[in-house]
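Me: I am new to this structure and would like a close look at a single part of it. Could you walk me through the disulfide and what surrounds it?

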Amino acid sequence: MNRRLRTKPTRRLALAALCLAALTPALAFADQVGTVTRLPLPRFASLKTDRVNLREGPSKDHATKWVYQRAGLPVEITAEFEIWRRIRDSEGADGWVLHSLLSGRRTALVTPNKKGESSKIYARPAAGADLAATLQSGVIVNLRKCDGDWCQVDGDGFKGYIEQYKLWGVYPNEKIE
């Protein structure tokens with residue numbers, strides 16, 4: 001009987017270790033940070049210039065897959081390697097760019113997956129508020145703050161609020177101060 005009491009805590013400890021091992025990949029993903037910057041991954045950034053080469057790998061020896069020609073375009077950083085960042089755009093294209101061509105300035109695209117559709121910008125964060133502007137799909141906006149439902153945005157000739165789900169460049173329920 002004494003032996004049985006000793007094995008119970010050991011079994012519990014083994015079961016707890018097994019559960020922790022099973023959860024570790026999920027926990028690691030939730031708290032993943034870049035090996036270079038120690039910033040969260042994934043995260044959004046924007047293109048700093050109007051000419052950015054997207055490369056197949058993290059060096060200038062790798063072929064250029066695409067050339068972006070739109071400063072301020074939001075991109076998602078998904079990995080880091082030395083001075084290179086792996087990015088993904090709103091259309092799902094991914095590759096590597098030099099970190100110096102990226103900015104921490106937060107921007108977003110208005111409904112990029114709904115070509116030809118327009119979205120309303122309101123004076124206050126409410127669908128019944130006065131209309132401040134109407135923006136076409138693909139317009140780049142500057143993110144000023146988001147509360148998880150609405151984002152305050154501005155750009156060339158407009159300022160107001162848009163529903164957060166209509167933007168690519170901010171995560172669902174993400175809060176930005």
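Reply:
**The disulfide and its surroundings**

A disulfide joins Cys146 to Cys151, with 2.1 Å from S to S. A disulfide is a covalent bond between the sulfur atoms of two cysteines; here the term is applied to a pair of cysteine sulfur atoms within 2.5 Å. A search of the whole structure finds one disulfide. The torsion about the S-S bond of Cys146 and Cys151 is about 110°, so this disulfide is right-handed. Both Cys146 and Cys151 are buried, where buried means under 20% relative accessible area, exposed means over 50%, and partly exposed lies in between (1.4 Å probe, protein chains only).

Before going further, a word on the model: it is predicted, local features need pLDDT of at least 70, side-chain atom pairs count only at pLDDT 80 or more, and totals for chains, interfaces and linings use all residues. Residues are numbered from 1 along each chain as its sequence is written, and side-chain values use heavy atoms, with hydrogens and water left out.

Now let us look at Gln152. This residue is found in strand 12 (residues 150–155); strands (E, at least two residues) and helices (H or I, at least four) are DSSP runs numbered from the N terminus. Gln152 is buried because its relative accessible area is 16%. Not counting residues up to four places away in sequence, Gln152 touches Asn142, Leu143, Arg144, Lys145, Lys159, Gly160 and Tyr161, a contact being heavy atoms within 4.5 Å.

A residue from strand 15 (residues 175–176) comes into the picture too: Ile176. Leaving aside neighbours within four places in sequence, Ile176 is in contact with Cys146, and also with Arg106, Leu143, Arg144, Lys145 and Val170. Take Arg144 as an example: Ile176 and Arg144 are 32 residues apart in sequence, and their C-alpha atoms are 7.5 Å apart in space. Ile176 has 12% relative accessibility, so it counts as buried.

How does this part sit within the whole chain? The secondary structure comes to one helix and 15 strands. Of the 177 residues of the chain, 38% count as buried. Among contacts between residues at least 6 apart in sequence, 53% join residues at least 24 apart. The chain exposes about 11,100 Å², and carbon and sulfur atoms supply 54% of that area; accessible areas come from the Shrake-Rupley method with a 1.4 Å probe, and for residues only the protein chains shown count as cover.

Thr111 has a phi near 25°, a positive value in a residue other than glycine. You will find Thr111 in the loop between strand 8 (107–110) and strand 9 (118–122), and it counts as buried because its relative accessibility is 5%. Arg38 is not a glycine either, yet has a positive phi of about 65°. Arg38 lies in the loop between helix 1 and strand 1; its relative accessibility is 56%, so Arg38 counts as exposed. Pro42 has its place in the loop between helix 1 (2–30) and strand 1 (43–47). A cis peptide bond joins Leu41 and Pro42, with omega about -10°.
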